[in-house]
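Here is a quick tour of a single protein chain, from its overall build down to a few individual residues. Have the viewer open and follow along.

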Amino acid sequence: MWCLVSQPNSVVIEVEVDPKAKGQECLEKVCSCLGISNESDYFGLKYHSVKAPDVWLNLRNPIERQGVAGVPPYRFCLRVKFWVPPHLLLQDTTRHQFYLHARLDLLEGRLKVESAETGSRLVALIAQAESGDLEPDSPPVCLYNQWCQLLLNSNSQETLEAVIRQHRDIRGMKSSTSEYWLLKEISTLRGFGEELFYCKNTVLGIGPHGINVYYPPTQTFQSIPYTAIHSAVSQRRMFQLHYDNVQHKPSTLDVKCESTLVATEVYRALTEKHAFYSCETVRGAVTAQFVRDLKGTIVSIFNEATPLGKQYVFDIRRTCREVHDNARRALYQPV
């Protein structure tokens with residue numbers, strides 16, 4: 001069975017897996033092609049579903065049983081699932097994939113620049129990474145104009161001059177170094193590493209530090225850190241969160257999602273990101289959770305140990321610290 005995996009720069013990788021393969025096999029083959037196998041835990045595969053856009057493929061479950069739209073070859077997108085600052089990444093190849101995804105997020109407006117100075121610096125770093133040193137006789141004006149309009153909503157002469165100054169100041173910087181410093185810059189932006197879910201009258205942003213609840217009509221938001229969360233549950237289209245508010249009083253957040261799948265994905269994202277960023281190790285209570293389809297449920301009445309119809313809820317394997325330590329051992333430990 002063939003799978004077509006698109007990188008953030010739209011370059012497609014073809015991989016062949018067994019028809020009954022689990023998602024992990026597909027991801028491992030893609031990461032092997034890109035030279036990022038030792039840090040593959042940061043990445044995941046997304047697919048389009050009829051019930052929700054951009055769903056994470058569960059790497060512990062068979063690909064064919066996850067509702068991927070269409071028939072083989074299946075189409076996936078390689079994306080960063082767990083964002084970390086660039087100094088925690090050990091390989092240039094991994095940082096390059098982070099850069100490609102960050103560039104896409106800037107291009108599509110998921111990351112917002114908060115000041116003109118930051119915006120001009122990001123444009124200069126992108127120009128250095130993609131076109132090299134500034135040549136006074138032939139500056140990359142088209143690139144400047146495109147990114148200035150996207151990030152700063154301005155193509156004024158003053159804006160272009162600020163970008164040119166920034167670009168001139170980093171003359172001689174290697175492309176990989178430019179990518180590193182761009183990632184360093186965006187790691188300070190609000191919304192860095194957030195996964196957004198659009199619900200009725202609210203947008204949920206689940207990131208490294210907790211969950212942000214955005215209210216677009218009033219342009220306000222509420223931050224709930226992981227340390228304040230007691231429990232979360234999804235039931236049909238409803239997602240419910242129990243937490244302590246800023247007055248340290250018990251509160252409840254009820255959100256109605258567009259579909260049952262979206263509510264399930266919110267619950268999954270919150271659980272996996274909490275485990276990745278806040279825990280020493282992934283607890284058995286997380287890795288052991290599963291559901292069964294109707295056929296498997298009937299069979300399990302007579303044989304609880306049957307694997308028939310079993311679908312794991314979460315696919316996280318390691319925490320942030322464990323991924324970094326594991327990659328360091330694989331890369332630097334003497335054979």
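Predicted model: local features only at pLDDT ≥ 70, side-chain atom pairs only at ≥ 80, totals over all residues.

## Surface and overall build

Of the chain's 335 residues, 48% count as buried.

As for secondary structure, you'll find 10 helices and 14 strands. The radius of gyration is 22 Å, close to the 20 Å that the globule rule gives for 335 residues, so the chain is as compact as a globular protein of that length. Along the principal axes, the C-alpha atoms fill a box of roughly 80 × 55 × 40 Å.

The chain is divided into three pieces: domain 1 covers 2-81, domain 2 covers 113-187 and domain 3 covers 192-271. If you take centres over C-alpha atoms, domain 2 and domain 3 sit 35 Å apart.

What share of the contacts between residues at least 6 apart in sequence join residues at least 24 apart? In this chain the figure is 57%.

## Aromatic pairs

A search of the whole structure turns up 12 aromatic pairs. Take Tyr-42 and Phe-276: their ring centres are 6.3 Å apart and their planes meet at 75 degrees, so this pair is edge-to-face, the cut-off for that being over 60 degrees.

Another edge-to-face pair is made by Tyr-47 and Phe-76, at 6.5 Å centre to centre and with 85 degrees between the planes. Here too, distant parts of the chain are linked: Tyr-47 is in strand E3 and Phe-76 is in strand E5 (residues 74-80), 29 residues apart.

## The cluster and Tyr-277

Which residues come together in one aromatic cluster? They are Tyr-42, Phe-43, Phe-82, Trp-83, Phe-98, Phe-192, Phe-276 and Tyr-277.

Tyr-277 is worth a click. This residue is in helix H7, and, leaving aside residues up to four places away in sequence, Tyr-277 touches Phe-82, Trp-83, Gly-207 and Pro-208. The C-alpha atoms of Tyr-277 and Gly-210 are separated by 9.4 Å, although the two residues are 67 apart along the chain.

## Charges over rings

Arg-60 lies over the face of Tyr-312, at 3.7 Å from the ring centre. Lys-310 lies over the face of Phe-290, and there the distance to the ring centre is 4.5 Å.

## A buried glycine

Now zoom in on Gly-23, which is in helix H1. Its relative accessibility is 0%, so Gly-23 counts as buried. What does Gly-23 touch, not counting residues up to four places away in sequence? The list is Leu-45, Leu-57, Asn-58, Leu-59, Asn-61 and Ile-63. Between the C-alpha atoms of Gly-23 and Asn-58 there are 6.3 Å, with 35 residues separating them along the chain.

If you're checking torsions, look at the peptide bond from Pro-72 to Pro-73: it is cis, with omega near 5 degrees. Pro-73 is placed in the loop between strand E4 (55-56) and E5.

Then there is positive phi in residues other than glycine. Asn-201 has a phi of about 65 degrees and is found in the loop between strand E6 (195-199) and strand E7 (202-206). With a relative accessible area of 56%, over the 50% cut-off, Asn-201 is exposed. His-248 has a phi near 60 degrees and is in the loop between strand E11 (238-244) and strand E12 (250-256). His-248 is exposed too, with a relative accessible area of 69%.

Key:
Residues numbered from 1 in each chain as written. Heavy atoms only, no water. Phe/Tyr/Trp six-rings, centres within 6.5 Å; stacked < 30°, edge-to-face > 60°. Helix = DSSP H or I, 4+ residues; strand = E, 2+ residues; numbered from the N terminus. Lys NZ or Arg CZ within 6 Å of the ring centre and 35° of its normal. Rg over C-alpha atoms; globule rule 2.2 N^0.38 Å. Buried < 20%, exposed > 50% of the residue type's maximum accessible area, 1.4 Å probe, protein only. Contact = heavy atoms within 4.5 Å. Domains from an automatic or database assignment.
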